[in-house]
Amino acid sequence: MIYPKIPLAQSIIEICSAKGITNIIISPGSRNAPLTIGFAQHPNFTCYSIADERSAAFFALGIAQQTKNPTAIVCTSGSALLNYYPAVAEAFYSQIPLIVISADRPQSKIDIGDGQTIRQENVFQNHSVFNANLTEEASDENDLKINKAIETAILQKGPVHINAPFEEPLYETVSELSVQPKITHSEEIIGTKTIENIADFVSIWNSAKRKLIMVGVNDANAIDQEIIDNLAKDPSVVVLTETTSNLHHPDFINSIDTLITPFDDADFKELNPDILVTFGGMIVSKRIKAFLRKHKPKEHWHIDTLRAYNTFNALTHHFVMQPNNFFKELMSKTEHTKSKYAEKIGKIYNFRKIRRNEYLKKIPFSDFKVFEKVIDSLPKNSQLQISNSSAIRYAQLIHIDPSIEVFCNRGTSGIDGSTSTAIGASVGSQKQNIFVTGDISFLYDSNALWNAYIPKNFKIILINNGGGGIFRILPGHEEKPVFNTYFETSHHLTAEHLAKMYQFNYLKASDTESLEKGITALYSQNDTPAILEIFTPTTENDVVLKQYFKELV
């Protein structure tokens, strides 16, 4: 077997192997040559070569999102490292384990005018859970830092940074290891399994006639069916889910904005909960945040083994537990409270769903109509990845089959890296993967297609409305040159030539008939990745969407 000659590189590689890290995404460079040589020739690693560091990091994030295991990204020194930052921030807020391993110049070369040299130590300090700044020579101290970084990524579900200085020569190899790195083992403790002072919380729960449970980003099948059924049967409980919550029951409300957008203050007082219970990641709906910040619940309980964000300025308790453990214990000691809360809200929502179906039948070809058709066409048991901005908001309004898993980078809600994440997820998952994206997000991350590992059955559905359509939906839109140039970023670009360059099959649609044909053609071919680009009317989309909320009443 071939190893890099530099002992520090040997230590990093051997500790990663011992810790069970298997996926390594490498961006080409010279300073990281010792790591590249070692990882690429080691039988315990699957290595991927991706040139663009920003895309590489989001690709790694997609793999880690699916495997639930840390993925490592390896880059050379200098500005290469900074291109990882958007994905590092996303991993931090989405609680996804990511291991950044950066090659660096020795300390004596920093800030003296040497090429490809920046201050790399602690560069991700504000958005990482651990930073291991190594010294040039292999040592027990370095080994402990490397171990600690990987263990922290696993236990705290977040990004860590290992910065390794290497001096030339960088490409020399040996056939035997010159180090025997120390391997440490941390005991995994994931929250508690019991509710402290449970009698107090049981008393609050049993006396509350209006309990609102809201679920953010959440893994499929994470909540036991017994708990789901129990919550659905409780007349004092209303459960609000989002597309990204992957939690389903016929009595749960799966389109928050459809329910609450037409509400006035009197309606909000009817919905205002005594207790708000939240779990899962970030919430998409801005309207529910505004409502709960204005009409604060008496109690807000958040359940998470790691963090509790005070999203609604009303947090009263953080249960450091798995949601399953919390609800199992609480339900064993509580009873269903007599209430009309669920019945009253359920009636309103059922009426809204009837109005939604009526509206969708009569609207013209537009973003909203396209999302209805696209989501309805998704294969059962597939995986849907969605880009940010207007795409995820439209998806929130359409019913999605419960067999479909849904993912979106909601940690920072950025458009950067959505395509790269989706491709990484398709590599990390065995499921058929469909990525639905807007034009600006797609064009922004077009280097995602510069990737030799895209599965043949990977599909991209690109809704091209000629610019940042979300800015037409938000307050303040005016049809003026400043808006069109600097906010909407109007353009006349298409994906056709990108598809040809990267050897994707390319299909297009611009009306209902061609859309239906395009969808059929898209799913009939699995011999090469494919893009279906759908052109929608720029100036009509926001009118159709705004009218939707008016017609729900």
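Reader: What makes the pair formed by Glu372 and Lys369 a salt bridge?

Author: This is a predicted model, and in it the closest N and O atoms of Glu372 and Lys369 are 3.2 Å apart. The cut-off for a salt bridge is 4 Å between a side-chain nitrogen of Lys or Arg and a carboxyl oxygen of Asp or Glu, so the pair qualifies. Both residues belong to helix H14 (residues 367-377), where they stand three residues apart and are separated by about one helical turn.

Reader: Which residue of helix H13 (residues 341-362) lies three residues from Glu358, and what is the distance behind their salt bridge?

Author: The residue is Arg355, about one turn of the helix from Glu358, and the closest N and O atoms of the two are 3.3 Å apart. That distance is within 4 Å, so the pair is a salt bridge. Glu358, at 41% relative accessibility, counts as partly exposed, and Arg355, with a relative accessible area of 25%, is also partly exposed.

Reader: Why can the salt bridge between Asp257 and Arg287 be said to tie together separate parts of the sequence?

Author: The closest N and O atoms of Asp257 and Arg287 are 3.5 Å apart, within the 4 Å limit. Asp257 lies in helix H9 (residues 256-260) and Arg287 in helix H11 (residues 286-294), so the pair ties together parts that are 30 residues apart in sequence. Asp257 is buried at 14% relative accessible area, whereas Arg287 is partly exposed at 37%. The structure holds 23 salt bridges, and Lys340, Glu343 and Lys347 are linked in a network of such bridges.

Reader: Why are the buried residues of helix H7 (residues 198-207) said to line one face of the helix?

Author: The buried residues of H7 are Ile198, Phe201, Val202 and Trp205. Seen down the axis of H7, they fall within an arc of 105 degrees, so they line one face of the helix. The face turned away from this buried side carries the exposed residues Ala199 and Ser207. What covers the buried residues includes strand S9 (211-215), strand S10 (237-241) and helix H12 (323-333). H7 lies across S9, S10, S11, S12 and S13, and runs at about 120 degrees to S12.

Reader: What makes S10 and S13 edge strands of their sheet?

Author: Their sheet is an open one of five strands in the order S10-S9-S11-S12-S13, with parallel pairing. S10 and S13 each have a single partner strand, so one side of each is left without a neighbour in the sheet. Neighbouring strands of this sheet are turned by 20 degrees against each other on average, direction ignored.

Reader: Which strands stand at the edges of the six-stranded sheet, and why?

Author: The six strands form an open sheet in the order S3-S2-S4-S5-S7-S6, with parallel pairing. Strand S3 (46-49) and strand S6 (130-133) stand at the edges, because each has a single partner strand. Strand S4 (residues 71-75) and strand S5 (residues 98-104) pair over five bridges in the parallel sense, and the bridge partner of Val74 is Ile101 in S5. Helix H6 (residues 140-155) lies across S5, S6 and strand S7 (159-165), running at about 160 degrees to S6.

Reader: What radius of gyration would a compact globule have with 553 residues?

Author: Such a globule would have a radius of gyration near 24 Å, and the protein has 25 Å, which agrees.

Key:
Residues are numbered from 1 along each chain as its sequence is written. This is a predicted model: local features need pLDDT of at least 70, side-chain atom pairs count only at pLDDT 80 or more; totals for chains, interfaces and linings use all residues. Side-chain values use heavy atoms; hydrogens and water are left out. Helices (H or I, at least four residues) and strands (E, at least two) are DSSP runs, numbered from the N terminus. Buried means under 20% relative accessible area, exposed over 50%, partly exposed in between (1.4 Å probe, protein chains only). The arc is that of the directions from the helix axis to the C-beta atoms. Contact means heavy atoms within 4.5 Å. Two strands pair if DSSP finds at least two bridges between them. Axes are lines fitted to C-alpha atoms, for helices over the stretch in contact, and angles run from 0 to 180 degrees between N-to-C directions. The radius of gyration is taken over C-alpha atoms; the globule rule is 2.2 Å times the number of residues to the power 0.38.
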